[in-house]
Amino acid sequence: MVLLVALALFLGLFLAVLVFNPRHRASGHKGKAQASLNNDKASKSYSKTEVSLHNKRTDCWIIIKNKVYDVTSYVEEHPGGDAILAHAGDDSTEGFFGPQHATRVFDMIEDFYIGDLEQ
């Protein structure tokens with residue numbers, strides 16, 4: 001029983017470090033300046049069919065609240081492992097707003113914005 005409690009504490013600490021440790025993507029962190037540039041650009045629109053073609057670890061787009069994000073460069077760094085791939089090429093809104101995400105993901109996601117979902 002003590003071993004289980006110790007293991008649970010260790011895993012909790014490990015996950016907390018992963019969530020709260022600011023990390024940069026291997027392809028380079030764009031930062032807020034680039035995010036604001038993305039927002040200033042004219043948005044491109046993508047159909048759900050087009051987004052669905054980007055459903056692999058090496059080509060991963062997701063939809064969050066009718067916005068399209070190319071998260072390919074973040075897949076390997078995702079603290080939740082392959083969970084990000086569960087909805088690759090599809091709508092990830094529900095999972096994105098789950099309790100497992102720290103508030104910093106709401107700022108980070110804008111770095112990956114590439115356009116809007118066609119309505």
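Trainee: How many aromatic pairs does a search of the whole structure find?

Mentor: This is a predicted model, in which local features need pLDDT of at least 70 and side-chain atom pairs count only at pLDDT 80 or more, while totals for chains, interfaces and linings use all residues. Residues are numbered from 1 along each chain as its sequence is written, and side-chain values use heavy atoms, with hydrogens and water left out. Rings of Phe, Tyr and Trp (its six-membered ring) pair if their centres lie within 6.5 Å, and planes under 30 degrees apart count as stacked, over 60 as edge-to-face and the rest as tilted. By that definition, the number of aromatic pairs found in the whole structure is six.

Trainee: Which kind of aromatic pair do Tyr 69 and Tyr 113 form?

Mentor: The ring centres of Tyr 69 and Tyr 113 are 5.9 Å apart and the angle between the planes is 65°, so the pair is classed by the over-60 limit as edge-to-face.

Trainee: How many residues apart in sequence are the parts that this pair ties together?

Mentor: Strands (E, at least two residues) are DSSP runs, numbered from the N terminus. Tyr 69 lies in strand β4 (residues 67-70) and Tyr 113 in strand β5 (residues 113-117), so the separation in sequence of the parts tied together is 44 residues.

Trainee: Is Tyr 69 buried or exposed?

Mentor: Buried means under 20% relative accessible area and exposed over 50%, with partly exposed in between (1.4 Å probe, protein chains only). Because its relative accessible area is 3%, Tyr 69 counts as buried.

Definitions and conventions: Helices (H or I, at least four residues) and strands (E, at least two) are DSSP runs, numbered from the N terminus.
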